[in-house]
Amino acid sequence: MRATTIGTFLRRRTRWFGVMAAWHGLLFREELRHSPYRSFTLLSLAGAVFLYFPFAAWGVREVLALAGEEGFDPADVSVLPLAYAVFLVWVLGAGLKGRTLWWVIRSSPVPRAVLGLDRALGVFLVALIVAGPYVWGAVQGADFQPAALLSLIALPLWLSARLRGAGGLWYPFMLLLSAAMGWSMAFLVAKYLDQGLVFEDYNYEMARQLLRPVFARLHLPEFLLVALRAPAAVHVLVGLGALWGLASTLGERSDDTNVFGFVGTWLARWRDAPAALAMSSLLRHLDVGLSQAVMAGAFALAARTYGLAALPPGLVVWWAVAALWWPVWKERPALPAALAANAPDPRRVAVELVSGRHRALAATLVPFLLLPGAGAPLAVWVVLIWLLQYGSGWFAQLDPAWLPGLLVFALGSAVLWFGGLP
Amino acid sequence: MSARPALEVLRLSRTYRSGRGVRAASFQVARGEIVALVGPNGAGKTTLLEAVCGLADYLGSVRVEGFDREQEAAQRARMACLPEDRDFPPFLAGSTVARLAERFWEQPGLEHRFVSEAERWGLGAAELETPVFALSQGMREKLALALVFSRTVPLYVLDEPEAHLDPIMRDRLESRLEGLRSEGSALLLATHDVHLATRVADSILAITRGEVADLGRVGVAEVLRALDSGS
């Protein structure tokens with residue numbers, strides 16, 4: 001295993017953080033120039049600084065603690081929490097200013113692709129946080145977990161869904177690009193922790209591991225055996241397969257509706273029209289919601305698997321379902337324009353649509369009541385959601401639009417956390 | 001027939017930053033009357049209709065059966081609007097959309113009327129149980145028409161109701177408009193079909209660059225001449 005000096009390590013990181021600081025500085029400057037939400041931008045800037053500072057200080061302390069030795073081994077476990085902390089605050093910072101980013105992209109003279117890259121990186125780092133526990137577990141010699149596969153499939157799905165704005169002919173290329181980024185970084189982290197710095201030749205390693213089972217062992221059982229013994233290769237192959245499936249299934253958004261036609265027919269028979277409308281919105285955003293749900297569930301499972309946190313099963317389910325619903329709940333419910341134009345009482349519409357959302361959310365949780373270990377607390381939560389519909393008048397007037405969703409998520413997490421404790 | 005007009009618009013203005021919009025439009029639509037609003041693209045037809053339907057803010061006054069915007073609920077209860085944006089959620093079927101309409105339009109029995117109205121537009125039970133995304137653009141248009149005509153109100157405000165309809169359905173639309181007029185309803189429709197406008201309308205409003213001019217009952221040539229001179 002190679003070791004690098006603390007000086008080299010710090011120089012590389014300093015350069016990296018310098019680039020990132022400049023990058024965020026550019027974005028904030030553009031936001032302050034063009035965004036209509038300047039006070040929000042300033043607030044998010046203050047928040048980002050507040051978040052960055054203690055973690056950066058902690059990171060420096062960690063590194064200095066390691067500097068007591070002649071050389072610095074980057075495979076040291078201390079690197080992992082440090083990396084996590086940095087990633088987390090970066091993502092939080094990106095999330096805070098993401099609220100206004102589209103205004104920047106729309107009005108800034110800086111090329112869109114350049115500005116959009118920051119968002120892509122932020123999203124990618126979220127994905128990395130989710131993949132992290134599995135990579136860490138694999139490096140530490142833990143058994144290969146099916147959940148890890150799930151997580152690593154979900155990464156490019158989610159990335160591609162978020163980057164889909166490219167649209168049209170660029171869509172498949174963006175899928176592949178985002179996948180390549182995800183897999184490359186997963187490899188990078190694994191190799192970094194396992195074998196030291198491999199920036200120079202990790203591509204070769206990737207190609208070798210990917211191609212060896214294909215060309216050297218064409219016999220299928222052997223191929224599968226090798227693939228199973230080499231989780232990285234499995235990840236790459238499965239990931240590419242998942243991407244191909246996603247690209248061919250979803251394609252343009254207008255086409256993906258065909259996949260869910262049967263659900264639409266079922267919804268047509270649901271007499272509860274406001275709940276059916278909420279469910280229709282869920283289907284409309286299913287590509288993003290589902291990949292978020294898989295990621296949330298996978299992250300929670302990873303946390304359980306590697307002992308990072310003892311999460312009750314009901315909470316894992318709730319996080320996944322809440323992530324599934326989040327693209328819907330973060331927006332205020334609305335009737336289609338042609339119906340809204342003829343509704344005499346918009347206030348009543350708002351209240352009843354929120355009420356419908358509660359019922360639809362409860363309905364999606366019902367199948368999970370059969371899950372071993374999750375039943376009782378989850379049943380309590382389903383009943384509570386059902387009762388929450390009677391407070392829809394209060395929920396409907398909350399501002400900003402995503403606040404009701406956040407409250408429901410927090411309340412559910414509290415109920416299932418305390419309800420699931422032994 | 002009531003002496004009070006079903007729709008009374010007085011000095012209605014709604015302008016955008018670009019300077020486009022509608023300026024000081026005044027007109028009336030009486031019960032048993034069809035008024036057609038014609039004009040080139042971007043002249044302000046949709047802007048005007050959105051204001052009348054209460055979907056956008058405006059200066060001036062809009063009275064529906066004597067109710068102004070301070071009495072929004074009473075206004076909306078007396079008119080049926082077919083706005084320009086009539087996309088329905090793709091995963092809902094027409095029947096579910098009708099259930100939503102019955103609930104939020106506060107029109108008991110609308111769902112049943114909708115089924116018979118839909119039949120008039122060639123939408124059978126199978127089509128009404130089909131998710132919207134699986135319907136053609138023309139079928140979606142018919143769904144929107146069936147919904148709006150399921151209401152029984154003194155005033156109908158329709159933005160390009162003939163869009164995406166085949167010739168047979170356009171003919172049926174014409175009959176439906178005339179039928180509603182004979183039942184005593186008032187109709188204000190924006191259209192690009194000058195021939196349709198001159199055939200069915202009792203009065204034609206020409207809108208160019210936000211200015212509304214009452215042409216009265218005229219032929220196609222006069223309408224085209226008015227639009228040409230105004231643009």
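When I speak of buried area today, I mean the accessible area, taken with a 1.4 Å probe, that two parts lose on being put together, summed over both. Please keep in mind throughout that this is a predicted model.

Let me start with the contact between the two chains. The area buried between chain B and chain A comes to about 2,900 Å², and carbon and sulfur atoms give 64% of that. On the chain B side, B:F91, B:R99 and B:F104 together supply 28% of the area that chain B buries against chain A, which is more than any other three residues provide. In terms of residues, the contact draws 34 from chain B and 36 from chain A.

Turning to polar interactions across this contact, there are eight residue pairs in polar contact between chain B and chain A, counting pairs in which both residues are at pLDDT 80 or more. The elements of chain B that give two or more residues to the side touching chain A are α2 (72–77), β5 (79–82) and α3 (94–104), and of these α3(B) gives the most, with eight residues. Sorted by class, that side of chain B has 21 nonpolar, two polar and eleven charged residues.

The charged residues bring me to the salt bridges, of which there are three between chain B and chain A. In one of them, the side chains of A:R271 and B:E111 meet at 3.7 Å, N to O. In another, A:E352 and B:R103 meet through their side chains at 2.5 Å, again N to O, and this pair crosses from helix α16 of chain A to helix α3 of chain B.

In chain A, the side chains of A:R359 and A:D272 meet at 2.5 Å, N to O. A:R359 lies in helix α16 (residues 346–365), while A:D272 lies in the loop between α11 (261–268) and α12 (273–284), so the pair ties together parts of chain A that are 87 residues apart in sequence. Both ends count as buried, A:R359 at 10% relative accessibility and A:D272 at 17%. In chain B, the side chains of B:E65 and B:R31 meet at 3.4 Å, N to O; here B:E65 sits in the loop between β4 (59–64) and α2, and B:R31 in the loop between β2 (21–29) and β3, so the pair joins parts 34 residues apart in sequence. B:E65 is buried, with a relative accessible area of 12%, but B:R31 is partly exposed, at 26%.

A few words on chain A as a whole: its secondary structure comes to 19 helices and zero strands, and of its 422 residues 45% count as buried. Among its contacts with a separation of 6 or more, 75% are between residues 24 or more positions apart.

Now to the interior of chain B. Why can strand β3, residues 34–38, be called largely enclosed by the rest of the structure? Five of its five residues are buried, and that is the reason for the description. Both faces are covered, with B:I34, B:A36 and B:V38 buried on one side and B:V35 and B:L37 buried on the other. β3(B) pairs in the parallel sense with strand β7 (residues 186–191) over five bridges, and four bridges join β3(B), also in parallel, to strand β8 (residues 203–208). B:A36 has bridge partners in both strands, namely B:L189 in β7(B) and B:I204 in β8(B).

I will finish with two buried residues in helices of chain B. B:R181, in helix α7 (residues 167–182), has a relative accessible area of 18% and is therefore buried. Beyond its neighbours up to four places away in sequence, B:R181 touches B:G32, B:E33, B:I34, B:L187, B:V200 and B:D202, and a polar atom of the B:R181 side chain lies 2.7 Å from the backbone oxygen of B:V200. B:T46, in helix α1 (residues 45–52), counts as buried at 16% relative accessibility. Its side chain makes a polar contact, at 2.9 Å, with the side chain of B:D159.

Terms used
Residues are numbered from 1 along each chain as its sequence is written. Chains are lettered from A and ligands numbered from 1 in the order in which they are written. This is a predicted model: local features need pLDDT of at least 70, side-chain atom pairs count only at pLDDT 80 or more; totals for chains, interfaces and linings use all residues. Side-chain values use heavy atoms; hydrogens and water are left out. Contact means heavy atoms within 4.5 Å. A salt bridge is a side-chain nitrogen of Lys or Arg within 4 Å of a carboxyl oxygen of Asp or Glu. A polar contact is a pair of N or O atoms within 3.5 Å; within protein, one must be able to donate a hydrogen and the other to accept it, and residues adjacent in sequence count only if both atoms are side-chain atoms. Ala, Val, Leu, Ile, Met, Phe, Trp, Tyr, Cys and Pro count as nonpolar, Asp, Glu, Lys and Arg as charged, and the others, Gly among them, as polar. Buried means under 20% relative accessible area, exposed over 50%, partly exposed in between (1.4 Å probe, protein chains only). Two strands pair if DSSP finds at least two bridges between them.
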